[in-house]
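Here's a quick briefing to read alongside the model. Have the sequence and the 3D view open, and we'll go topic by topic.

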Amino acid sequence: MRSQANRGRDFETLLNMTNSMYQKNGLACVHKVPTEFLPLRDARGKIVGCKVEHKSCVDYLGRYRGNPVAVEAKHTEQGRIQFDRVEPHQAAYMDDFCMAPGAVGLVVVSFGLRRFYAVPWPFWKAARDVWLSGRKRGVSVSVGSHGMFWDTPGAASVTPEQMLPEWEVKPETRLFLPYLRIIDKMDWRMVL
């Protein structure tokens, strides 16, 4: 049985391979943000464990076609993913990051390593905020950004079928998981 800490390791490996191919082909430069750990030592000074010293901002930072990009990767083995899987400090970072002109925040989701989605931050944020605001279950909000429009599910989580088809990322041989192509689908004249 896989531990909670390693539940997304295979997904992270796939994203790392994809990012290497993006860079090798001169398409993007996106790197993993390292997590700072503090070693825990026993009375003899031997390292017996570690704890997170500082919470990371997001999983990946970089640029794609001149656009700054922040990526938070989330994996689930379930048929739904909770919006609050993006932690408050990560959401605050995405909010600040996306204020810069041309900056793009993405939540890249793996459903059991079988289906993948790259959700632009304004949509994830809207669905997360609606749910966290304590509104009644089933209340949906329409969100528009970069020429895309989506009605949030009005629930704490979302299924692949409730996401926009434009957000789905199909694995391929050349780039493994070309998740940054969502940026090419965004209409930069229609930033709402």
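## Starting at a tryptophan

Trp-167 has a relative accessibility of 1%, so it counts as buried (buried means under 20% relative accessible area, exposed over 50% and partly exposed in between, with a 1.4 Å probe and protein chains only). Keep in mind that this is a predicted model: local features need pLDDT of at least 70, side-chain atom pairs count only at pLDDT 80 or more, and totals for chains, interfaces and linings use all residues. Residues are numbered from 1 along each chain as its sequence is written, and side-chain values use heavy atoms, with hydrogens and water left out.

**The chain as a whole**

- You'll find four helices and 12 strands here (DSSP runs numbered from the N terminus: helices are H or I with at least four residues, strands are E with at least two).
- The chain has 192 residues, and 43% of them count as buried.
- Take the contacts between residues at least 6 apart in sequence: 61% of these join residues at least 24 apart (a contact means heavy atoms within 4.5 Å).

**Aromatic pairs and a charge over a ring**

- The structure holds nine aromatic pairs (rings of Phe, Tyr and Trp, the last by its six-membered ring, pair if their centres lie within 6.5 Å; planes under 30 degrees apart count as stacked, over 60 as edge-to-face and the rest as tilted).
- Phe-123 and Trp-150 make an edge-to-face pair, because their ring centres are 6.4 Å apart and their planes sit at 70 degrees.
- Phe-123 is in helix H3 (residues 121-132) and Trp-150 in strand E10 (residues 148-151), so this pair ties together parts 27 residues apart in sequence.
- Both Phe-123 and Trp-150 are buried.
- Phe-123 also pairs with Trp-167, this time tilted, at 5.1 Å centre to centre and 55 degrees between the planes.
- Elsewhere, ring pairs link Tyr-22, Tyr-64 and Tyr-179 into a cluster.
- Lys-32 lies over the face of Tyr-60, 5.5 Å from the ring centre (the test is NZ of Lys or CZ of Arg within 6 Å of the ring centre and within 35 degrees of the ring normal).

**Strand E8 and its partners**

- Strand E8 (residues 115-120) has five of its six residues buried, so the rest of the structure largely encloses it.
- Strand E7 (residues 104-111) pairs with E8 in the antiparallel sense over six bridges (strands pair if DSSP finds at least two bridges between them).
- Leu-106 has Pro-120 of E8 as its bridge partner.
- The hairpin of E7 and E8 has three residues between the strands, and Gly-112 takes a positive phi near 60 degrees there.
- E8 and E12 also run antiparallel, joined by two bridges.
- Look for Tyr-117 standing opposite Glu-168 in E12.

**Helix H2 and its two sides**

- Gln-90, Ala-91, Met-94 and Phe-97 are the buried residues of helix H2 (residues 88-97).
- They cover an arc of only 130 degrees around the axis, so they are on the same side of H2 (the arc is that of the directions from the helix axis to the C-beta atoms).
- Strand E4 (60-64), strand E5 (67-76), E7 and H3 are among what covers those buried residues of H2.
- Exposed residues Pro-88 and Asp-96 are carried on the face of H2 turned away from its buried side.
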